[in-house]
Amino acid sequence: MDKVLRCECGFEVHADEETELVARVRRHALEAHGMRFSPHEVLRVAFHAELDGGTWQQGLGAEMHEDA
Ligand SMILES: [Zn+2]
């Protein structure tokens, strides 16, 4: 199953498996944006982004909003 997660900068992460997606998102977030995510955080953010059809940054915002 092809998984896609979009970034605000226009970068799209494609992966066949969840573990691969997580690894690529973590690398991109760190290299391009200086943001560090744990694998668990990436999965939660990806889940929200998938629901909303948004970027992983929007997923991150949804996650933070829920915790508040
Ligand atoms: Zn990016």
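Begin by selecting Leu-5, Val-13, Leu-21, Val-22, Val-25, Ala-29, Val-42, Val-45, Ala-46, Ala-49, Trp-56 and Leu-60, the twelve residues of the largest nonpolar core (a set of buried Ala, Val, Leu, Ile, Met, Phe, Trp, Tyr and Cys residues joined through C-beta atoms within 7 Å). Here buried means that 20 or more other C-beta atoms lie within 10 Å of a residue's own, exposed that 12 or fewer do, and partly exposed in between, with C-beta atoms placed from the backbone. Helix 1, helix 2 (39-52) and helix 3 each give two or more residues to this core; helices (H or I, at least four residues) and strands (E, at least two) are DSSP runs, numbered from the N terminus.

This is a predicted model, in which local features need pLDDT of at least 70 and side-chain atom pairs count only at pLDDT 80 or more, while totals for chains, interfaces and linings use all residues. Residues are numbered from 1 along each chain as its sequence is written.

Next, select helix 1, residues 18-33, where Leu-21, Val-22, Val-25 and Ala-29 are buried. They lie on the same side of helix 1 because they cover an arc of only 100° around the axis, taken from the directions from the helix axis to the C-beta atoms. Turn to the face away from this buried side to find the exposed Thr-19, Arg-27, Leu-30 and Glu-31. Just after helix 1, select Gly-34, which takes a positive phi of about 65°.

Finally, colour the protein chain by pLDDT (the predictor's confidence in each residue, from 0 to 100): the mean is highest in helix 1, at 94, and lowest in helix 3 (residues 56-67), at 74.

How values were computed. The expected span of a helix is 1.5 Å times one less than its number of residues.
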